[in-house]
Amino acid sequence: MRREDRTGSRPARARRRRGPGLRVRLTLLATGLVAAVSAVLLWLGWMLVGEVAASLPTLPPGTPVLVDGVSVPAGEIAAALGHSARSEVLQVGSVAFAFVVLAAALVSWVLTGHVLQPVHDVTATARRLSAESLDARIDLEGPRDEVAELADTFDEMLDRLQAAFDAQRRFVANASHELRTPLAVLRTEIDVTLADPDADVDELRRMAGVLRDATKRAEGLVDGLLLLARTEAAERRASDGDEPVDLDLAARGALDAVRAEVEARRLSVEIGPDDGSVGPGAVVVGDAALLERVVGNLVENAVRHNVDGGWITVRTGSAEDRVELVVASSGPVLDPARVPALFEPFRRGADRVGPGSGLGLSIVRAVVRAHGGTVTAEPVEGGGLAVRVGLPGQVSGSLNTGVTVPT
């Protein structure tokens with residue numbers, strides 16, 4: 001039967017027996033090496049003492065010689081001295097050997113503990129971490145070695161995790177806030193209608209229209225959230241489903257989809273050369289649906305956040321192995337310092353007008369980055385915004401400069 005963790009919510013991973021720790025193994029290894037070297041040195045000393053004793057000059061026979069208080073015949077003096085010297089070397093060497101091995105074990109234990117302390121710090125920090133305490137850091141000081149590199153890498157990973165968790169919290173809070181509005185509208189309309197005993201068919205139809213608009217807004221918001229989450233979470237790779245997309249044609253199709261709103265707000269639109277032909281070199285390869293969504297979002301933003309009687313320009317083209325799409329429009333005056341924040345979810349800026357959930361530019365950034373491209377924005381002098389998208393593409397021409405910003 002599989003064990004469960006403390007919460008009982010999922011099976012706990014079985015712990016494997018890994019044997020002694022790294023500090024113990026390093027200490028044993030260092031002590032073993034010292035013991036082996038000491039044993040070799042002791043053996044060499046024992047051999048050398050015997051050789052030296054054997055090389056002593058011989059004495060005349062009958063000469064009395066005392067070795068350790070024992071009278072030894074002159075012919076056996078070399079063997080006796082060698083045996084005595086080797087015994088002395090073994091006695092003293094054994095004591096020295098024991099002290100050396102013990103000292104090596106103690107020194108190895110202390111040094112390995114000092115060297116491995118940053119690793120213990122990494123482990124302790126990792127155990128303390130949770131979604132609410134990602135601000136803990138090791139901040140290791142000292143020489144820049146492999147352990148310090150490990151600690152720095154761990155700190156950098158924590159920085160990325162904390163940024164991701166913070167972004168997730170903001171995203172969830174903003175999404176909850178945005179979804180609360182259509183839900184509140186739905187409940188208010190239903191409560192008001194149910195509280196009116198004289199509600200007729202016209203009132204019910206009016207309520208149904210309001211509910212339809214609110215659900216449509218909520219549906220669009222949920223679709224945008226799912227698309228944004230799916231695009232940001234995945235690292236897109238080239239696949240057999242990729243196909244060429246002409247950004248110029250996609251921009252024209254996006255403008256056709258909002259033509260009624262363009263005419264109602266009396267917006268002037270310029271796209272491509274004056275003769276209406278399609279400019280060359282605006283072809284990119286990737287997920288057609290996502291790339292067309294990029295163009296559509298930029299065009300819709302240019303229309304929705306415009307002013308009555310304003311203008312919109314679209315420029316497409318290529319340079320070397322890069323394809324560019326620039327969508328510029330008139331509109332309220334924007335603070336340049338706040339323009340980068342427009343790419344964050346639900347950020348429309350205090351001066352941005354018009355409907356929408358504030359996910360358009362966030363989806364654009366996520367899709368463009370997934371395709372290996374870049375996207376930037378800058379305010380237009382006199383009011384408005386210009387968004388520039390750069391993507392790797394199929395190049396078959398030069399930069400198309402048929403569109404300019406009206407003055």
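Ser 330 sits in the loop that runs between strand 7 and helix 8 (360-370); helices (H or I, at least four residues) and strands (E, at least two) are DSSP runs numbered from the N terminus. This is a predicted model, in which local features need pLDDT of at least 70 and side-chain atom pairs count only at pLDDT 80 or more, while totals for chains, interfaces and linings use all residues. Residues are numbered from 1 along each chain as its sequence is written, and side-chain values use heavy atoms, with hydrogens and water left out.

**Ser 330**
- Ser 330 is buried, with a relative accessible area of 7% (buried means under 20% relative accessible area, with a 1.4 Å probe and protein chains only).
- Its side chain makes a polar contact with the side chain of Asn 306 at 2.5 Å (a polar contact is a pair of N or O atoms within 3.5 Å, where one must be able to donate a hydrogen and the other to accept it, and residues adjacent in sequence count only if both atoms are side-chain atoms).
- The side chain of Ser 330 also reaches the backbone nitrogen of Trp 311, at 3.0 Å.

**Helix 5**
- In helix 5 (residues 247-257), the buried residues are Leu 247, Asp 248, Ala 250, Ala 251, Ala 254 and Leu 255.
- Viewed down the helix axis, these buried residues fall within an arc of 160 degrees, so they line one face of helix 5 (the arc is that of the directions from the helix axis to the C-beta atoms).
- At the start of helix 5, a side-chain oxygen of Asp 246 comes to within 2.9 Å of the backbone nitrogen of Asp 248.

Technical notes:
Buried < 20%, exposed > 50% of the residue type's maximum accessible area, 1.4 Å probe, protein only.
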